[in-house]
Number of protein chains: 2
Amino acid sequence: MPDPSQERTDLPPPAEYRTKVDIATDQLRSWILHGQLQHGERLDQTKLAAALNVSRMPLRQALLRLAEEGLIQASPHRSAVVMGLTRAELEDVYQARRAMEGILAELGCERRTDTCMKAMERALQEQERALARNNLKRWVDLDRDFHFSLYRAAGLQRSYEITEQLRMSSDRYIRHYASYRTGAADSLAEHREILQLCQAGDTGGIREATERHVLRGLETLRQLISGGDE
Amino acid sequence: MPDPSQERTDLPPPAEYRTKVDIATDQLRSWILHGQLQHGERLDQTKLAAALNVSRMPLRQALLRLAEEGLIQASPHRSAVVMGLTRAELEDVYQARRAMEGILAELGCERRTDTCMKAMERALQEQERALARNNLKRWVDLDRDFHFSLYRAAGLQRSYEITEQLRMSSDRYIRHYASYRTGAADSLAEHREILQLCQAGDTGGIREATERHVLRGLETLRQLISGGDE
DNA sequence: GAGGCGAGGATTGGATCCAAGATTTAGGAT
DNA sequence: ATCCTAAATCTTGGATCCAATCCTCGCCTC
């Protein structure tokens, strides 16, 4: 006796189930990355829980995860605070990015597919338009899309996730010290170079170019910050 | 009126406070890394909590952290299971290690200190003895000491921690497929080479040598595993 | 006899409650 | 007046309890 009221009975486990911890984590992460929660800001569990419409319990777990991701700093009986990166820590993140993005680009190039190349070309084109329109937020997103399209082709899940997290930490600063136009033209030129190297299948060259690209990003950010300590 | 009963009143914050979540996390991590908890094993929260002498609440948070570290896999309403790495995932981890250890070695060499060099030499010597005595566990630990003494000198906290976690994931397999003697002599020779390059200050060479060293480790592990899927 | 359906038990996610530690504020002594 | 002390308040960590989901086992139907 098939019951038509239930459309399909065979996909409850594969269906993505979002627990309250997930919801809280994602929302908090977004707030931090987009500046709604500033560096050094204290994270009061009770208030945050209320703001997120969850109990304190899932919120605490969310804080734990964000601490593990390096976005906040938590000490035992003290309020967690949004992690602000010192210049040294920023260099730290960028060196890790240099390393990871270098091999992801190399292996991504080695294992590239048509769809991956198409995605890169498309991101590059749109990025040119975004630059012309001076749309900063979109520019940052497209920059990310361009690189990560290639990195995805490497097929290294864990490496990819590590790189994503590193990227998160630094993009926050890029967005903050907004006027990214500094070096944007250079960045585009480097993207074109990377795309060409990828089309040519020059894995060694693409690694080297990617590392240079990342380090130049650090240099740009350094100049933007210059003066403050964090 | 100084009270002699309290030795010093001015160091409560710096004193390391270990929360139950920390205790549970460390113990569980150790169990997983040393094989007391095997791949695919289901982690029953109630039983584990009892075994660790903590409540289910801190245990759940510990599981969350280990999931974030990639040691276990957690799905919403299902028991967490100890993460087993497939061959592909093992390559993933090693590629990330190659990237990270490469730059840590490079920058560590650039910023090396006397104490760091001394530590490396000492680890190398003890490693030779451990190999002679066929003491596997000590050998793995000393291998780690040798490399990480150098990495510490780089002064990149975050990169260091990422690399530590990657190392955890792969060391578990090294210990499991015990007879590490395969390639141990090669490994020692490479360590000597790395030490020499470091003394010479050849940053480029040390990076290249370290990357080769890591990849050879992967190759060794592949041979040991060859046959099974995980 | 095999496959599907359903009920019961088991296990996890979430909420409230209590305890332990920390921060703040008021008070007193120098 | 300032600094130190101490008590009160606030915030976080941990435990127990309840609800929601999943898993297993037995039963029924074909």
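Colleague: Which residues have the most contacts inside the largest nonpolar core?

Modeller: This is a predicted model, in which local features need pLDDT of at least 70, side-chain atom pairs count only at pLDDT 80 or more, and totals for chains, interfaces and linings use all residues. Residues are numbered from 1 along each chain as its sequence is written, and chains are lettered from A and ligands numbered from 1 in the order in which they are written. A nonpolar core is a set of buried Ala, Val, Leu, Ile, Met, Phe, Trp, Tyr and Cys residues joined through C-beta atoms within 7 Å; buried means that 20 or more other C-beta atoms, placed from the backbone, lie within 10 Å of the residue's own. The largest such core has 60 residues, and those with the most contacts inside it are A:Met100, A:Leu104, B:Met100 and B:Leu104.

Colleague: Which residues of chain A does B:Met100 touch?

Modeller: Contact means C-beta atoms, placed from the backbone, within 7 Å. Leaving out residues up to four places away in sequence, B:Met100 touches B:Ser159, B:Ile162, B:Thr163 and B:Leu166, and from chain A it touches A:Ala96 and A:Ala99.

Colleague: How many residues are in the other core, the one with B:Leu28 and B:Leu59?

Modeller: B:Leu63 and B:Leu66 are also among the members of that core.

Colleague: Which element gives the largest share of the side of chain A that touches chain B?

Modeller: In total, 24 residues of chain A are in contact with 24 residues of chain B. Helix 3 (56-69), helix 4 (87-110) and helix 7 (157-176) of chain A each give two or more residues to this side, where helices are DSSP runs of H or I with at least four residues, numbered from the N terminus. By class, the side has 11 nonpolar (Ala, Val, Leu, Ile, Met, Phe, Trp, Tyr, Cys, Pro), six charged (Asp, Glu, Lys, Arg) and seven polar residues (the others, Gly among them). The largest share, 11 residues, comes from helix 4.

Colleague: Which residues come closest to DNA strand C?

Modeller: A residue is near a strand if its C-beta atom, placed from the backbone, lies within 6 Å of it. The surface near DNA strand C has seven nonpolar, seven polar and five charged residues, and helix 3 of chain A gives its largest share, three residues. Of the 19 residues that surround DNA strand C, the closest are A:Lys20, A:Ser55, A:His77, B:Gln45 and B:Ser79.

Colleague: Which element gives the largest share of the surface near DNA strand D?

Modeller: There are 21 residues around DNA strand D, and the nearest are A:Gln45, A:Ser79, B:Lys20, B:Ser55 and B:His77. Nine of the residues on this surface are nonpolar, seven polar and five charged. The largest share, three residues, comes from helix 3 of chain B.

Colleague: What percentage of the residues in chain A is buried?

Modeller: The C-alpha trace of chain A spans about 65 × 55 × 30 Å along its principal axes. Of the 230 residues in chain A, the buried ones make up 33%.

Notes
Two residues are in contact if their C-beta atoms, placed from the backbone, lie within 7 Å. A residue is buried if 20 or more other C-beta atoms lie within 10 Å of its own, exposed if 12 or fewer, and partly exposed in between; C-beta atoms are placed from the backbone.
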